[in-house]
Amino acid sequence: MAFVTKSEMASVLGRTIYSDRASQILVSIKQSGTERWFIEEIQALGIDGEGRSWREYGGAMGGIVSSFDVIASLINGIGLVVAGIVMFIVIYINVINKRRQIGILRAIGIKRDVIIGSYLTQALFYAVLGIVFGGLAFGYGIQPYFDLHPLDLPIGQVSLVIKSTTVQNAVLGLVAAAILAGLIPVLNITRQGIIQAIWGN
Amino acid sequence: MIKVKNLHKIYGRGSAATHALKGVNLEVRPGEFIAIMGRSGSGKSTLLHILGLLDSPTRGEFLIEGRDMLKLTEAEKARFRLEKLGYVFQEYSLLPEMTILENVYGPAMCLGRENDFRRRANELLEIVGLGERLKHHPGQVSGGEQQRAAIARALINRPKIQFADEPTASLDVTSSRIVLELFRKLNKELGQTIVMVTHEPDDEKYVDRVVWLKDGLVETVDIYSTGAVNKQASATRFVKT
């Protein structure tokens, strides 16, 4: 951020600055999502005026962007549910197929916590794979593509922005989904009697 | 070592209730190799499962080394099974993803008592004749070899008692003989107490005592003289009154 005096600006532009004509200063920032921080920094300089983000200032544009945010949240939520269900199914089938083995492990004295822990680790492994591959796909594939080929909409060119808070929420959501997806099937099986788990009766 | 008194096991409730054990009395002494025999439905597997802490009786008394097993919590039972009991199941019960060696030292790793469990697993696999199969996976060895690996696994934590549930039921004659001779060797040389359920009459010759069950009760106990090749001829049959 730089502050330029009126006289300096006049020398750069090569003409007289009409005094007291400007009522607004527009500040362009590179990274969307950091507006509030910039507003606070500008106001901390002691400038007498109101600071508003483009979203607050934009009126209808702000509404459209909010709609995009809602759509993005919906897609995130649906993606998370789908990922959770897929992990649940994979682990559930795995647990059902290994019911007898789990029963034998319990019979020989392997603690329930060890068995539960091994399936939780498996679920978390899937979640970590999802986070790594998802991060690589967005960071090196989808986002660069949209930066080069933004969508042409009537309101202007629209590209993808991935906020750090969105990534954090997605990661936390996926880990939580993995824990539930791993825990439910294995708790279900380990609650069965050992005899039932091994021989199914 | 094991003492059960008036042991009952009832499955289900009301009119659907099945009385699997109807008051079994039994004592197993340290270093004994006993077989529990009887027809299908006689209660022999139920008795073995209760003795091995895999199932609980409906009522009765059950002591191992003087300790009341009916007072243990599930977690205490699991710890007791890991530390003091060994199991060999009817079907090969090894984890297919692990090698034979890993299968054998797995329970020792979980117990966390010894650091050199790999060496002990190696020794046990040598004893059961699988020294050349350490790195093989269960699917790469025969049924008899898998069962011998299961015996080695059952011995890894130096159990006080080893339970075997029809260990030769899935094996051919030669493999069955090898497995039973191995049990006998472990019993004689290591003093391992073994309780085995079987329905093969030929298995009698390997054991010290046969407990015959019928309709949930001990019908007779056959005691064999030790060391005799033809033990059946010298068997003394006591009819339980």
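Lys185(B) lies in helix H6 (residues 173–190) of chain B, where helices are DSSP runs of H or I of at least four residues, numbered from the N terminus. The model is predicted: local features need pLDDT of at least 70 and side-chain atom pairs count only at pLDDT 80 or more, while totals for chains, interfaces and linings use all residues. Residues are numbered from 1 along each chain as its sequence is written, and chains are lettered from A in the order in which they are written.

Lys185(B) counts as partly exposed because it has 14 C-beta neighbours inside 10 Å. A residue is buried with 20 or more other C-beta atoms within 10 Å of its own, exposed with 12 or fewer, and partly exposed in between, the C-beta atoms being placed from the backbone. Between the C-alpha atoms of Lys185(B) and Ile127(B), 58 residues apart along the chain, the separation is 9.8 Å.

Helix H1 (residues 44–51) of chain B has eight of its eight residues buried, so it is largely enclosed by the rest of the structure. Among them are Lys44(B), His49(B) and Leu51(B). Just after H1(B), Leu53(B) takes a positive phi of about 60°.

The contact between the chains is counted from C-beta atoms, placed from the backbone, that lie within 7 Å.

| Chain | Residues in the contact |
|---|---|
| chain A | ten residues |
| chain B | 13 residues |

On the side of chain A that touches chain B, helix H5 (99–107) and helix H8 (194–199) of chain A are the elements that give two or more residues. H5(A) gives the most, with three residues. The residues of this side divide into seven nonpolar, two polar and one charged; Ala, Val, Leu, Ile, Met, Phe, Trp, Tyr, Cys and Pro count as nonpolar, Asp, Glu, Lys and Arg as charged, and the others, Gly among them, as polar.

Notes:
Contact = placed C-beta atoms within 7 Å.
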